[in-house]
Amino acid sequence: MMRVVRILAPFLAMFLWPGLSLAETGLPSVTVMEEADGSRTWSLSLQVMLFMTVLTVLPSLVLAMTSFTRIIIVLAIFRQALGTPQTPPNQVLIGLALFLSLFVMQPVLSESYSAGVQPYLAGSMEITDAVKEVARPLRRFMTGQVRETDLAMFAELSGETKGYESPEAVPFSVLVPSFLTSELKTAFQIGFLVFIPFVIIDLVVASVLMSMGMMMLSPMLISLPFKIMLFVLVDGWGLIIGMLASSYFVS
């Protein structure tokens, strides 16, 4: 037992020493310092805490404020229409939707970075002003995609009956759910258009099998090769991805 303690003692000291040193120096965890011009400077530990909080909610922001929702829903509906519920796998669809979302959002992200993040890192802008500058391009993107009926519905639910003077006056608590609702409607509309050709192939194959008296044979088993062949011949991936991307750029 003593031999085990001697072996583990250096490793325990290595992990415990940083905590002991911080306790001895009395490093403050949260401090907000007032500057001469009235501005505030946050301590490094508070900035790290805020940064980790942003990383925690980052997946929710990606789902709620970007084109990811529309793209992943259309791809999932297409996979179901093709008749291959497990192909492509979920990891492939999510990766494709993520990088396609980055392609669509690249102008917005570039504008947010140059307008807010870059000046803040250079020290020429306060964090409150930087947040407003970062949010402005995202607000413009969501406002361009939201439906007026959805925006009016959530504005009425929030108690706003007079309407808003400008798009900048719409709060994020109303804009984000309105944008998500509009994205869901648009995604299902596109998914309906994607589903129609595959349904027609299934109906034709089922009718042919019924006329031949082969009722015990599954129509899905016969129609699957024809749907895959048709999808490959018309360059289906290019059509779907191009349609999804152009649905934002045209708007």
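## The Arg70–Glu183 salt bridge

Arginine 70 and glutamate 183 form a salt bridge in this predicted model, with 2.6 Å between their closest N and O atoms. Arginine 70 belongs to helix α3 and glutamate 183 to helix α7, so the bridge ties together parts of the chain that are 113 residues apart in sequence. Both arginine 70 and glutamate 183 are buried.

## Other salt bridges

The structure has five salt bridges. One of them joins the side chains of aspartate 202 and lysine 227, with an N to O distance of 3.4 Å. Aspartate 202 is in helix α7 and lysine 227 in helix α8, so this pair ties together parts that are 25 residues apart in sequence. Buried or exposed: which applies to lysine 227? Lysine 227 has a relative accessible area of 0% and is therefore buried. Aspartate 202 has 18% relative accessibility, and because the cut-off for buried is under 20%, aspartate 202 counts as buried too.

Arginine 136 and glutamate 133 meet through their side chains at 2.8 Å, N to O. Both residues are in helix α5, three residues apart, or about one turn of the helix. An α-helix has 3.6 residues a turn, so residues three or four places apart point the same way. Arginine 136 counts as partly exposed at 39% relative accessibility, and glutamate 133 counts as partly exposed at 25%.

## Aromatic pairs

The model contains seven aromatic pairs. In one of them, the ring centres of phenylalanine 141 and tyrosine 248 are 5.8 Å apart and the planes meet at 20°, so the pair is stacked; the cut-off for stacking is under 30 degrees.

Phenylalanine 198 and phenylalanine 231 make a tilted pair, 6.5 Å from centre to centre and with 40° between the planes. Phenylalanine 198 is in helix α7 and phenylalanine 231 in helix α8, 33 residues apart, and this pair too links distant parts of the chain. Both phenylalanine 198 and phenylalanine 231 are buried.

Helix α8 covers residues 219-233. Its 15 residues should span 21 Å at 1.5 Å a residue, and the end C-alpha atoms are 21 Å apart, which agrees with that expectation. Ser223, Lys227 and Phe231 are buried in α8. What do the buried residues of α8 pack against? They pack against α3 (68-82), α7 (172-211) and α9 (236-249).

Just after α8, aspartate 235 takes a positive phi of about 55°. Threonine 84 is located in the loop between α3 and α4 (90-122). Threonine 84 is buried, with a relative accessible area of 15%. Leaving aside residues up to four places away in sequence, threonine 84 touches Arg79 and Leu224.

## The chain as a whole

The chain has nine helices and two strands. Read from the N terminus, the elements run α-β-β-α-α-α-α-α-α-α-α. Of the 251 residues in the chain, 28% are buried.

Among contacts with a separation of 6 or more, 65% are between residues 24 or more positions apart. The chain exposes about 16,500 Å², and carbon and sulfur atoms supply 72% of that area.

Key
Residues are numbered from 1 along each chain as its sequence is written. This is a predicted model: local features need pLDDT of at least 70, side-chain atom pairs count only at pLDDT 80 or more; totals for chains, interfaces and linings use all residues. Side-chain values use heavy atoms; hydrogens and water are left out. Helices (H or I, at least four residues) and strands (E, at least two) are DSSP runs, numbered from the N terminus. Buried means under 20% relative accessible area, exposed over 50%, partly exposed in between (1.4 Å probe, protein chains only). Contact means heavy atoms within 4.5 Å. Accessible areas come from the Shrake-Rupley method with a 1.4 Å probe; for residues, only the protein chains shown count as cover. The expected span of a helix is 1.5 Å times one less than its number of residues. Rings of Phe, Tyr and Trp (its six-membered ring) pair if their centres lie within 6.5 Å; planes under 30 degrees apart count as stacked, over 60 as edge-to-face and the rest as tilted. A salt bridge is a side-chain nitrogen of Lys or Arg within 4 Å of a carboxyl oxygen of Asp or Glu.
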